Amino acid sequence: RGGGRLGTRPALQNNARGGRATMQWRALVLGLVLLRLGLHAVLWLVFGLGPSMGFYQRFPLSFGFQRLRDPDGSGPVGPPGGPAWLHRPRRGTEGRLETPPEPGPTPGPGVCGPAHWGYALGGGGCGPDEYERRYSGAFPPQLRAQMRDLARGMFVFGYDNYMAHAFPQDELNPIYCRGRGPDRGDPSNLNINDVLGNYSLTLVDALDTLAIMGNSSEFQKAVKLVINTVSFDKDSTVQVFEATIRVLGSLLSAHRIITDSKQPFGDMTIEDYDNELLYMAHDLAVRLLPAFENTKTGIPYPRVNLKTGVPPDSNNETCTAGAGSLLVEFGILSRLLGDSTFEWVARRAVKALWNLRSNDTGLLGNVVNIQTGHWVGKQSGLGAGLDSFYEYLLKSYILFGEKEDLEMFNAAYQSIQSYLRRGREACNEGEGDPPLYVNVNMFSGQLMNTWIDSLQAFFPGLQVLIGDVEDAICLHAFYYAIWKRYGALPERYNWQLQAPDVLFYPLRPELVESTYLLYQATKNPFYLHVGMDILQSLEKYTKVKCGYATLHHVIDKSKEDRMESFFLSETCKYLYLLFDEENPVHKSGTRYMFTTEGHIISVDKRLRELPWKEFFSEDGERDQEEKFVHRPKSQELRVINSSSNCNRVPDERRYSLPLKSIYMRQIDQMVGLI
């Protein structure tokens, strides 16, 4: 006992000395923290570098968080202001935004904690060192090749398993390694039956991806399989839009690849090929034509039975994108065949929808009655129901050179900027929060809800095509911030509640597509890091026994047993092209454009010529005068020569800035999401 008591006294003395040292150390740390806060307070008072109180107000405030700089890195610009999400931006005398957007904002120095982007990057790092470590400098060639091979391997794994376990059915169930076709037992299961027509959908949809990846032997084998086994004489009721973009578009793309005299992807020719894919495309399109008959507006029915035509109980309501996004594929078919019918019916539908837009706002709704022209859905936005309508106004002009398509697109884009865009006018300067495109009432422009859907992530890519690159950078950052939070894009995200409204992710390609196009426009290596992040997330969360599965829940990562065809035709394709700088798409000298399903189409003179000499007018009569394709002047497409998704040479002086000075500025303003 005595030994024990004697032994405790030195220990107590040591503890006391340790306690005093600890208290001194804590006082020193506290003093440094107070000194830093005081310095930030001075900077805040002198330069107005205060925290945002808008979209991110529920998160810890970070002094210095919103400091912005000019694109050349010189000097701060105007301080941010209060919340601006619900305020419409001001318009100039011509209805356009008065201030052009600038490249995005800069990360604040010394910002730590949950409001810092480093937390989402894995490991809670903070400050500029974390950005430098993860994103600055060139993307090493070895890592780039590794990511390219990973993207190719992802496609091969999904494709090979489809061929082994699902072909000739339409889709692969990757968890149970089975095929999936139309739901014959439940005709009302439109989620399945709109897409699956019992025509080997996944194989058809993946044809041009095989070519782009340079796999000539498998491409030739797949084409022969399609020619020999696929028929459209089926008792399948499918959505006109889905059949057009997935099947018709792929057949036309593969046909163009086979018949291209330059053969940029390697020898993709087929021995004794006699335009079979073109004839199949014609056969399918003829079976879709009944959708355009017996409608008082010229807007097509949403669905047809491939054998019998429009079902007797067909719905008279259709979405704007479904009815108005057929012109690219139908126009290509008409110009290759010399038959104006297909382009004429598709163009008539576009014009009918366009003429129904609001006289006050210029906006369109998302659901219309094809007999009355009455807007059943009055929501106007950039997502489901409207997305590809805007996309195809521009892409139709790129392919065909018809001036009216460009005029419609420019008018639509002006209305979008005027009524859908919220936040400050410029991406990188001025008061308020960064821009966001919301859903509004088509007639009043008033906010209808506070969610966005994952399909809207295509829009930065479309902005790249018209040269609005700074705004594209800004908007892309918003969707990528959501991806960083969940490792996927939830189908709907409520930007006010900062939480998903609809939790599944079906392997959609839209964010990947915009990432790829932004990299092609800027050559900023950050987008390679984004692509790597997306690749790794897909590998980690969606890979299963026989392919890649839909995420049922982006938070708990539970899965659904479905791999949609667009995963191979778009998601894998864009990821592969992002990392394959030497791909013929980028190096062959041919200008290419991608359809809304990611099918590649070369832009050439033949598609800008009308092979017929007479053209149907809107009232159904034939014009007696020969109508020639309008030859656009370079300034008519407002910013760039957009007839290529990939080959435009970026302005190196403008986009060779350090990584943090462009993209990470915008990322830092999106950290409220995490």
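User: Which ring does the charged end of R608 sit over, and how far from its centre?

Analyst: The charged end of R608 sits over the ring of Y397. That label needs NZ of Lys or CZ of Arg within 6 Å of the ring centre and within 35 degrees of the ring normal. Keep in mind that this is a predicted model, where local features need pLDDT of at least 70, side-chain atom pairs count only at pLDDT 80 or more, and totals for chains, interfaces and linings use all residues. Residues are numbered from 1 along each chain as its sequence is written, and side-chain values use heavy atoms, with hydrogens and water left out; for R608 the distance to the ring centre of Y397 is 5.7 Å.

User: What lies over the face of W451?

Analyst: An arginine takes that spot, at 3.7 Å from the ring centre of W451. The residue is R492.

User: Which cysteines does the disulfide join?

Analyst: The structure holds one disulfide, meaning a pair of cysteine sulfur atoms within 2.5 Å. Here the S to S distance is 1.9 Å, and the pair is C177 and C546.

User: How many residues apart are C177 and C546?

Analyst: C177 is in the loop between β1 (171-173) and β2 (178-180), while C546 is in the loop between β15 (543-544) and β16 (547-548). Strands here are DSSP runs (E, at least two residues), helices are H or I runs of at least four, and both are numbered from the N terminus. So the pair links distant parts of the chain, 369 residues apart.

User: Is C546 buried or exposed?

Analyst: Buried means under 20% relative accessible area, exposed over 50%, and partly exposed in between (1.4 Å probe, protein chains only). C546 has 3% relative accessibility.

User: What kind of aromatic pair do F526 and Y527 form?

Analyst: Rings of Phe, Tyr and Trp (its six-membered ring) pair if their centres lie within 6.5 Å; planes under 30 degrees apart are stacked, over 60 edge-to-face, the rest tilted. The structure holds 22 such pairs. F526 and Y527 are 6.1 Å centre to centre with 85° between the planes, which makes the pair edge-to-face.
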